[in-house]
Amino acid sequence: KPQEKALARYVKRKKATAAQRPNKGVCYRLRETPVIDGDASDGAWAHQPLYFLNDWRTGAKPKASTSFRMGHDDGFLYALVRCDDPDAAKIRANCKERDGAVYLDDCVELHLTFDPHKGQRTQILVNSIGTVQDFRNTLNEAGVDVNDLSWDCDGLLAAARIDDGGYTVEVGIPLAAIAGAPKAGSLFHANVCRERYSGGTMPELQAWSTTQGAFADGKYFSR
């Protein structure tokens, strides 16, 4: 019936609009400091909220599940990202040098900023064997992103582990390196993303907060 079809289209549009709103999360203080070794069973993570990634544009459920937890202490912001993969044997891990082309591998991307205007953002990529690529994105006066590829996150801790069901990435990011503050109630914006090449020739792209631009587009960051 025409009315039923119109209602179905309306519901579909509402769901799509809701899926494209930035998410909100809470980053609690950790009760104990995790060992950054890519081991997801570390008890330090047990009480942190669990969040999930979806298709980076539509918010639809992805083919391979990705979940993450975040926490902090006085000096670091920590993240644990689990990337399930039914094609784990095909995980791409070619980059072995710091600041190499990690984005061409199966990897996790962390986008962070404590700048309320999101003019300067930190981007950290880690592949399934723990190789890091990190840089800063800054909006110039014309509103165009300028990438500082020479920037390194001093003191960054990163590790990863591959297993039969996928891989896990764990990072410790020094708050001082990203102009962060560990005070209760501090607000920061972030997105957690994944590039999955193991499933075929076209990568499966996922994000916590769906984006209509690039992963690094601060307009779509969650908080």
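**Starting from one residue**

Analyst: This is a predicted model, and in it aspartate 99 has a relative accessibility of 30%, which falls between the 20% limit for buried and the 50% limit for exposed, so it counts as partly exposed.

User: Where is aspartate 99 found?

Analyst: Aspartate 99 sits in the loop that runs between β5 and β6. Its phi is near 65°, which is a positive value in a residue other than glycine.

User: In what order do the strands of the open sheet come?

Analyst: Seven strands form that open sheet, in the order β3-β13-β12-β6-β7-β8-β9, and their pairing is antiparallel. At the edges stand β3 (54-55) and β9 (145-148), and each of these has a single partner strand, so one side of each is left without a neighbour in the sheet.

User: And what holds paired strands together in general?

Analyst: Strands of a sheet pair through backbone hydrogen bonds, and the pairing can be either parallel or antiparallel.

User: Let's look at β8, then. How many bridges join it to β7?

Analyst: Seven bridges join β7 to β8, which covers residues 132-139, and the two strands run antiparallel. Two of the pairs you can look for are valine 126 with valine 132 of β8 as its bridge partner, and glutamine 120, which stands opposite threonine 138 in β8. The two strands form a hairpin with four residues between them, and in its turn glycine 130 has a positive phi of about 90°.

User: What about β8 and β9, how many bridges are there?

Analyst: Four bridges join β8 to β9, and these strands also run antiparallel, with arginine 136 standing opposite aspartate 148 in β9. This hairpin has five residues between the strands, and glycine 143 takes a positive phi near 80° there.

User: Is β8 largely enclosed or left open by the rest of the structure?

Analyst: Six of the eight residues of β8 are buried, so the strand is largely enclosed by the rest of the structure. For the protein chain as a whole, buried residues make up 47% of the 223 residues.

User: Switching topic: which residues have the most contacts inside the largest nonpolar core?

Analyst: That core has 32 residues, and those with the most contacts inside it are Phe68, Leu77, Leu110, Leu112 and Ile173. At least two residues of this core come from each of β4 (66-72), β5 (76-84), β6 (107-113), β7 (120-127), β11 (166-174) and β12 (189-196). Apart from it lies another core, of six residues, which include Leu30, Ile36, Trp45 and Ala159.

User: What does leucine 110 touch?

Analyst: If you leave out residues up to four places away in sequence, leucine 110 touches Ala79, Thr122, Gln123, Ile124, Val171, Ile173, Asn191 and Val192.

Notes
Residues numbered from 1 in each chain as written. Predicted model: local features only at pLDDT ≥ 70, side-chain atom pairs only at ≥ 80, totals over all residues. Heavy atoms only, no water. Core = buried A, V, L, I, M, F, W, Y, C linked by side-chain atoms within 4.5 Å. Buried < 20%, exposed > 50% of the residue type's maximum accessible area, 1.4 Å probe, protein only. Contact = heavy atoms within 4.5 Å. Pairing = 2+ DSSP bridges.
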